[in-house]
Amino acid sequence: MSALTRTPAPVATTGPTAARTRRARYRRTALHVLALAVLLVLLYPLVWLLATSLKPTDEVLTSLKLLPSHFEWDNYTTALDGVGGVGVGRLLGNSLLISAGAVIGNVVSCSLAAYAFARLRFRLRGVMFAFMVATMMLPQHAVLIPQYIIFNKLGMVDSYWPLILPKFLATEAFFVFLIVQFMRGLPRELEEAARIDGCGPFRIFRSIVLPLTRPALITTAIFTFIWSWNDFFTQLIYLFAPEKFTITLALRNFVDQSSTSAYGPMFAMSVISLLPIVLFFFAFQRYLVQGMATSGLKG
Amino acid sequence: MTSVLRTTPRPADAAPSSTPEGRRPRRERQGPAYIFLSPWILGAVLLTLAPMAVSLYLSFTDYNLFDPPHWVGLRNYTEMFTEDPRYWRSVRTTLLYVVVAVPLKLGFALAVALLLKGMRKGKGFYRSAFYAPSLLGASMSVALVWRALYNDGGTVDEILSGIGIHTGGWVSDPSLAVFVVALLSVWQFGAPMVIFLAGLQQIPGDLYEAASIDGAGRTRQFISVTLPMLSPVLFFNLVLETIQSFQVFTPAFAISGGKGGPADSTNFYTLYLYERAFSASHMGYASAMAWILLLAIGAVTLVIFRTSRSWVFYANEGA
């Protein structure tokens, strides 16, 4: 499209250049108006969430106005009490603990595996790499029940181990693949030089490859954090005790209730649960967008 | 390990990667690789390969987690296919969802990517803003928002009533509830959009110039230049989104009140699998369901791969 706007069509452009650039400017303005309009519709549910979290409960369902008649800050104080006697602070802390564990596990184990796949030679390398890529397509349900049995036998059900331990074993192939793609793009000269200077593979990995791979590692860390934070299925299966609940699981209590009496506090809690993701997004959106873009290219 | 490397003479730096070097050092160099790989190998064996085998075995048994598995042969499968209408309902719901959500999502993603490609200013801002729903949308919070928006008396319902369409709430209507989940998925078109945009930017501009010199109009250029050049990315997005759509869970759980309602209309495959395994303790039956899901995803992926030969165009291949 941009090529079209920049290159003048060979036919039917007899008008003076001034008119042509004016037309191009109109076109660009129209594009912006269109993009902003689409964006407005897209972001409406999020604005609605924010507004509703401040509405008195009886207004949530009866009034279609976006803004509340008065701001009901009590929704937030109610939300802070949490669910089932477990405060929001505790719920957030639990979510944070799981996500932090997952981040460390994924960054460490995936970068180790990725370095081997990207730079080292070993027998069965092709087979193992193909298997790793194939597991990206594997539905988690195919391994779900035996994994549950394993963790049950180990006495780890209703603990955070089933949520964190697999990350230390590089089970999320998407990240291994992402880091491999990135490492393959690094120049080999530095490693060659280090090898000549007498560095072994571990030294090369730690002192040369790892620092250069930082953008991919940051991307891995952010995605892991957000996905762990949003995760619901695994938490639903493995966690039972209310004091071990994450903020996502606590929100689940509102799902079962057919009564709408707690609408205001429910959405206040929703806003609180989204805050870390929003903060992460604003801080790191460059890495997120680039990480997503590179995952679909090369190959 | 370092000493081994140091004493290994590099033969005149000749192509260090492509040719495997002498027999002796090659053997010793495997060690470090396996140390780097050990967490992954452990995970692949203990948490992927072995569980897959066990799950296949369990699918031929009756197992409730407490008593030892009891071999029943193909009974889980025959029951699933011939005696369980809820199973088929969940299959239909999931297929309907995949068929609606994936093309719509990719269509929006491509449309917005094309819109942004033509921009000089603000592209970065839009790209990030359009991507935001992709991250937030996977959460329980947003699923709850969706449920409220499409509920009886919710915003969407009221707007539709305003233009004379009375639905009485999509969430409680068995014929509409599945589309609420689908629309939530479409709303998260940001990830494929970002990938499309990156792909669009790699198409060389002179292709368009050549096409316009040949007299190709805008539509013609889209069909003859953009789509073929973008087909590998389209293929990637299609495979990824299809696989993910088969496994939708959180929004289905939230919108259906955790039970797949109303009238099983949002009892998605994974939701039913979860219920069989963890509420009804039919682990064997659920394992059989998991294997059919695995085979179905494998088959669909294979079909996409096979047909891709006729529509995916790799610039560096032919020519």
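Trainee: What does the secondary structure of chain B come to?

Mentor: Chain B has 15 helices and two strands. Keep in mind that this is a predicted model.

Trainee: And how many of its residues count as buried?

Mentor: Chain B has 319 residues, and 53% of them count as buried. Its accessible surface comes to about 14300 Å². Carbon and sulfur atoms account for 64% of that surface.

Trainee: What about contacts in chain B between residues at least 6 apart in sequence? How many join residues at least 24 apart?

Mentor: The share is 67%.

Trainee: Which residues of chain B does UniProt list as a domain?

Mentor: The unreviewed UniProt entry lists residues 91-304 of chain B as "domain: ABC transmembrane type-1". In the model that span is 74% helix and 0% strand. Its end C-alpha atoms lie 20 Å apart.

Trainee: Where does the record put "transmembrane region"?

Mentor: The unreviewed UniProt entry gives that annotation to several spans of chain B, including residues 33-58, 128-149 and 283-305. Residues 128-149 of chain B are 86% helix and 0% strand, with end C-alpha atoms 24 Å apart. Residues 283-305 of chain B are 100% helix, and there the end C-alpha atoms lie 32 Å apart.

Trainee: Changing topic. How many salt bridges are there over all chains?

Mentor: Eight. One of them joins the side chains of Lys167(A) and Glu172(A), at 2.5 Å from N to O.

Trainee: Are those two buried or exposed?

Mentor: Lys167(A) is buried, and Glu172(A) is buried as well.

Trainee: Which residue does Arg86(B) form a salt bridge with?

Mentor: Its partner is Glu275(B), and the closest N and O atoms are 3.1 Å apart. This pair links distant parts of the chain: Arg86(B) is in helix α5 (residues 85-117) of chain B, while Glu275(B) is in helix α14, 189 residues apart.

Trainee: Why is Arg86(B) called partly exposed?

Mentor: Because its relative accessible area is 27%. Partly exposed covers the range between the buried limit, under 20%, and the exposed limit, over 50%.

Trainee: Which residues are linked with Arg86(B) in a network of salt bridges?

Mentor: The network links Arg86(B), Asp264(B), Glu275(B) and Arg276(B). Within it, the side chains of Arg276(B) and Glu275(B) meet at 3.2 Å, N to O. Arg276(B) has a relative accessible area of 16%, so it is buried.

Trainee: Back to helix α5. What does Tyr97(B) touch?

Mentor: Tyr97(B) is in helix α5 of chain B. Leaving out residues up to four places away in sequence, Tyr97(B) touches several residues, among them Val102(B), Val178(B), Ser245(B) and Phe268(B). Tyr97(B) counts as buried because its relative accessibility is 3%.

Trainee: How far is Tyr97(B) from Leu227(B)?

Mentor: Their C-alpha atoms are separated by 25 Å, and the two are 130 residues apart along the chain.

Trainee: Where is Ser256(B)?

Mentor: Ser256(B) is in the loop between α13 (250-255) and α14 (269-279) of chain B. Its relative accessible area is 9%, so Ser256(B) is buried. Not counting residues up to four places away in sequence, Ser256(B) touches Gly261(B), Thr266(B) and Leu271(B).

Trainee: On to chain A. What does Phe151(A) touch?

Mentor: With residues up to four places away in sequence left out, the contacts of Phe151(A) include Met156(A), Pro162(A) and Tyr238(A) in chain A, and Leu47(B) in chain B. Phe151(A) is in helix α7 (residues 141-153) of chain A. At 3% relative accessibility, Phe151(A) is buried.

Trainee: Which residues of the largest nonpolar core touch the most other members?

Mentor: Phe117(A), Met269(A) and Tyr131(B), out of 196 residues in that core. Met269(A) touches residues including Ala79(A), Val88(A), Ile247(A) and Phe254(A), again not counting residues up to four places away in sequence.

Trainee: Which residues make a nonpolar surface patch?

Mentor: Leu42(B), Val45(B), Leu46(B) and Leu49(B) make a patch of about 340 Å². Leu42(B) is in helix α3 (residues 30-58) of chain B. Leu42(B) is partly exposed because its relative accessible area is 46%.

Note on methods. Residues are numbered from 1 along each chain as its sequence is written. Chains are lettered from A and ligands numbered from 1 in the order in which they are written. This is a predicted model: local features need pLDDT of at least 70, side-chain atom pairs count only at pLDDT 80 or more; totals for chains, interfaces and linings use all residues. Side-chain values use heavy atoms; hydrogens and water are left out. Patches are made of residues with over 30% relative accessible area and no salt bridge: like charges are joined within 9 Å, nonpolar side chains (Val, Leu, Ile, Met, Phe, Trp, Tyr) within 5 Å. Accessible areas come from the Shrake-Rupley method with a 1.4 Å probe; for residues, only the protein chains shown count as cover. A salt bridge is a side-chain nitrogen of Lys or Arg within 4 Å of a carboxyl oxygen of Asp or Glu. Helices (H or I, at least four residues) and strands (E, at least two) are DSSP runs, numbered from the N terminus. Buried means under 20% relative accessible area, exposed over 50%, partly exposed in between (1.4 Å probe, protein chains only). A nonpolar core is a set of buried Ala, Val, Leu, Ile, Met, Phe, Trp, Tyr and Cys residues joined through side-chain atoms within 4.5 Å. Contact means heavy atoms within 4.5 Å. UniProt positions are given in the numbering used here, feature names are shortened, and annotations may be inferred rather than shown by experiment.
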